[in-house]
Amino acid sequence: MTDLEIAQSVKALNIKDVANKLNISEDMLLMYGNDKAKLSLELLNKTKNDSKLILVTAISPTPAGEGKSTTTIGLADALSSLGKKTSVCLREPSLGPVFGVKGGACGGGYAQVIPMEDINLHFTGDLHAITTANNLICAIIDNHIYQGNKLNIDPTRVLIHRVLDMNDRALRNIVIGLGGSTNGVPREDHFDITVASEVMAILCLAKNEEDFKERINNMLVAYTYDKSPITVADLGCAGAISLVMKDALKPNLVQTLEHTPAIVHGGPFANIAHGCNSLIATKMALGLADYVVTEAGFGADLGAEKFLDIKCRVGELVPNAVVIVATIRALKMHGGVLKEDLAKENVEALKTGLSNLKRHCENISKYNLPFVIAINRFNSDTEAEIEALEEFAKENNYVVSLSEVFAKGSLGGLDLANKVLEACSKANNFVYLYDLNLTLKQKINKICKEIYRAKEVNYSQAAKNALAKLTKLGYDKLPICMAKTQYSFSDNPKLLGAPEDFTMEIRDVTPSVGAGFIVCLTGEIMRMPGLPKEPAAMKMDVVNGKAEGLF
């Protein structure tokens with residue numbers, strides 16, 4: 001059966017019964033039908049001192065697939081089946097990848113969150129609210145310029161861009177305000193995808209409603225003709241933005257196929273933004289459950305680094321254990337095997353590709369965190385390949401578990417769950433990779449050289465100018481959010497495995513002051529993806545009221 005058919009075959013519990021597993025009373029729920037609800041922000045007042053936070057990350061992704069969300073959900077179900085009061089925290093899918101090529105973010109096989117059709121499509125409208133809030137700021141800026149421009153905004157120095165929750169390359173470079181004087185002031189602009197917007201990042205790093213409004217006010221959205229900064233506070237529209245986002249700030253409660261409570265909220269991309277679900281959702285889950293399993297986008301060089309250096313710093317979180325997900329198929333691809341040949345046994349290619357996994361393990365060790373390697377098992381994995389992997393783990397003193405949650409649900413994750421529980425019982429001396437008092441350039445270099453292992457870091461003139469400007473404005477104490485290809489440690493997506501002796505090209509540096517970080521753009525990374533030659537959307541339909549072709 002397809003993922004969709006499996007999801008549709010399971011009868012969901014009433015969401016009130018799911019909430020009851022976390023001792024959430026009905027008056028704390030804003031119902032969206034019988035199978036999903038928003039959670040009152042009053043639940044942030046609940047605290048537990050002994051909750052365990054488990055981060056699930058992965059090797060550098062490949063077209064072979066790794067199954068990070070599947071492992072995250074399956075691990076939560078396995079912990080729940082062992083009698084642990086567990087919640088899983090996930091990001092909301094973006095319609096861009098859903099209709100494009102990557103797919104959704106609801107897991108797969110027998111480790112999914114439901115209702116997967118709703119979650120992968122419009123869900124409770126959070127991404128629409130973010131799109132509207134972002135574009136309201138843009139409309140107010142252009143209207144202000146048109147209506148006399150009292151703030152002296154330079155139309156060529158507007159930093160915020162309109163967004164759309166869709167992969168649409170035609171919107172990367174546009175001209176607005178054409179058609180005469182009544183249609184505004186003409187200027188060049190472009191669209192970003194919604195999940196790359198600063199409003200999304202602010203939603204996911206805000207501590208509460210008050211903090212959200214303060215961060216919105218702090219958004220640096222333009223410069224004046226004399227190059228002075230313009231913020232949302234100067235525009236005076238933070239109240240309207242907060243109103244648009246009133247319900248979107250509340251996390252969404254759904255369930256796994258095995259009825260484990262799942263809190264799904266926020267969804268910034270990890271190759272552009274910081275790639276983690278909302279801090280509000282994570283903190284709320286930690287106050288309700290004994291074990292909270294969450295994920296960070298793409299490989300550990302992106303999602304995990306940002307989770308640990310940005311989200312944990314803002315939220316004062318200390319993870320108890322990390323799970324690094326890999327597949328033998330993906331490791332063979334990192335070892336040079338073509339996708340069409342991955343089903344064939346190739347122990348030597350696997351051994352070569354293990355360099356990618358080893359580097360991610362070494363990087364997590366820099367944070368002084370215990371970790372478990374979860375191998376998402378496929379039918380094509382041979383005994384010889386599994387033995388080579390286990391020998392690799394033994395040689396490096398790594399804890400490894402073969403996970404079969406895709407095919408078996410919680411039963412396929414019991415070994416992983418027990419090993420994660422053991423890791424959680426260990427004391428750790430969690431540290432950040434860098435000190436915020438370093439210069440922006442020092443922080444960028446530290447990430448590039450210690451996490452990516454670049455030999456050199458080269459800055460364009462635009463990046464140098466931006467670093468000088470941001471330092472002058474006093475933004476140099478903020479953390480760094482790297483925008484980089486997810487497929488490689490380098491900025492070249494074709495350099496698989498564990499590349500060395502490469503130069504990281506820093507193309508530009510932009511402020512996300514409201515979110516509380518500085519974005520560093522590398523290589524050819526784009527903030528508006530495009531659709532593939534054959535989009536996944538072409539296989540989708542609705543027949544007799546039921547979704548078809550949605551994975």
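**Cysteines, cores and one aspartate**

Okay, let's start with Cys-424: at 3% relative accessibility, this cysteine counts as buried. Keep in mind that we're looking at a predicted model.

So who is the closest sulfur partner for Cys-424? That would be Cys-312, but its sulfur is 14 Å away, which is too far for a bond. Then there's Cys-276, which is buried as well, with a relative accessible area of 0%. How many disulfides does the structure hold? The count is 0. For Cys-276, the nearest cysteine sulfur is again in Cys-312, this time 8.0 Å away, and Cys-276 is in no disulfide.

Next, the nonpolar cores. The largest one has 147 residues, and among those with the most contacts inside it are Ile-137, Val-221 and Met-245. Let's go back to Val-221 for a moment. If you skip its neighbours within four places in sequence, Val-221 is in contact with Ile-137, Ile-141 and Val-158, among others. Its contacts also include Thr-231 and Leu-235.

Last stop, Asp-189. You'll find this aspartate in strand S10, which covers residues 187-189. Is Asp-189 buried or exposed? Buried, because its relative accessible area is 6%, and the cut-off for buried is under 20%. And what does its side chain do in there? It makes a polar contact of 3.0 Å with the side chain of His-161, and another polar contact, of 3.2 Å, joins the side chains of Asp-189 and Arg-162. Beyond its neighbours within four places in sequence, Asp-189 also has Ile-160, Arg-172 and Asn-173 among its contacts.

How values were computed
Residues are numbered from 1 along each chain as its sequence is written. This is a predicted model: local features need pLDDT of at least 70, side-chain atom pairs count only at pLDDT 80 or more; totals for chains, interfaces and linings use all residues. Side-chain values use heavy atoms; hydrogens and water are left out. Helices (H or I, at least four residues) and strands (E, at least two) are DSSP runs, numbered from the N terminus. Buried means under 20% relative accessible area, exposed over 50%, partly exposed in between (1.4 Å probe, protein chains only). A polar contact is a pair of N or O atoms within 3.5 Å; within protein, one must be able to donate a hydrogen and the other to accept it, and residues adjacent in sequence count only if both atoms are side-chain atoms. Contact means heavy atoms within 4.5 Å. A nonpolar core is a set of buried Ala, Val, Leu, Ile, Met, Phe, Trp, Tyr and Cys residues joined through side-chain atoms within 4.5 Å. A disulfide is a pair of cysteine sulfur atoms within 2.5 Å.
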